[in-house]
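Here's a quick briefing to read with the model open.

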Amino acid sequence: MQASKALLAVLSLSALTGGVQAADEVVVYSSRIDELIKPVFDAYTAKTGVAVKFITDKEAPLMARLQAEGENTPADLLITVDAGNLWQAEQLAILKPLDSALIKANIPAQYRSSTGGWTGLSLRARTIVYSTERVKPEELSTYEALADKNWEGRLCLRTSKKVYNQSLTATLLEAHGQAKTETIVKGWVDNLATDVFADDTALIQAVDAGQCDVGLVNTYYYGRLHKDNPALKAKLFWPNQGDRGVHVNLSGAGVTRYAPHPEAAQKLLEWMTGEEAQALFAGINQEFPANPGVAPSAEVAAWGSFKADSVPVEVAGKRQAEAIKLMDRMGWN
Ligand code: FE
């Protein structure tokens, strides 16, 4: 009697202050924009009745907010892109290790944190884009070969400030060590046709327009442009098929350390690694499902299959600081 009175008092006080949230809700902080996540959450709500509330922002402010909110955070789940960012989130201790046999069964270990803080949800390759007017695919082979003299004045790169290039360089460091990676990156910088680009889309447009002949981009940016303009004079090439394979990165998510609804959050995340959600989540952004049992969309499958690098993607985080310093030393702006 005493206990239930106390509970009632707590409940009514909480209701007044808005401190209690219904158990059938999950709150998400997402650096993926509304249109890429809302259809997936809507499908989950339709299926389970669980409401999914979300806010979207860039990853840095979202992570800073989680840190500042600490145990008072309303957020249950953090969704962001790039293993480099997810690794950072884990370093900031804003994620709680997952313990889910289902997620382990659905997502290969190389696309999850080794310490359990996050799981990949969709995959993108960072690969070579080339001009169909000025380059024959036979001339292409590896990321490393883009440092050769014959590409002088022909290569376009995005800024080294973007985590995607930091992650790519981190995997080069893992494969080759520092000295050889310096030579490769220096070769790329020496081969630049123009200043670095602020985004991948502008880079692909520069290849299409004849400003450069080859570049490095994430596959979904190519997919978006190609969808708008099927006559795009640029194609994707899968490098390093004779050795370690194409650099693959991901979007992913983790349950927050102080999630008010940790079980509901994990259930949502588990569902997101399953067949229905994987096809939807990857398909919306022309990405590859992280669950190997789920086929990519027809437009993504049309790019052809390839061997992906088998290195655990968290290397992107572990060697990020080293990669940033190396890129800076080699003059990659
Ligand atoms: Fe992107």
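**Helix packing, strands and an iron site**

Start with a helix pair: α2 passes α11 in a right-handed crossing (right-handed if the near helix is turned clockwise from the far one by less than a right angle, left-handed if anticlockwise). This is a predicted model, where local features need pLDDT of at least 70, side-chain atom pairs count only at pLDDT 80 or more, and totals for chains, interfaces and linings use all residues. Residues are numbered from 1 along each chain as its sequence is written, and side-chain values use heavy atoms, with hydrogens and water left out.

**The helix pair**
- The axes of α2 and helix α11 (residues 275-284) come within 8 Å and cross at roughly 160° (axes are lines fitted to C-alpha atoms over the stretch in contact, with angles from 0 to 180 degrees between N-to-C directions).
- That makes α2 and α11 roughly antiparallel to each other (angles over 145 degrees).

**The strands**
- Val28 has Phe54 in β2 as its bridge partner.

**The iron site**
- Tyr164, Tyr220 and Tyr221 coordinate the iron ion through their OH atoms, at 1.9 to 2.0 Å (donors are N, O and S atoms within 2.8 Å of the metal, or 3.2 Å for Na, K and Ca).
- Tyr164 sits in helix α6 (residues 163-176) and Tyr220 in helix α9 (residues 219-228), so the pair ties together parts that are 56 residues apart in sequence.

Terms used
Pairing = 2+ DSSP bridges. Helix = DSSP H or I, 4+ residues; strand = E, 2+ residues; numbered from the N terminus. Parallel < 35°, antiparallel > 145°, perpendicular 65-115°, else oblique.
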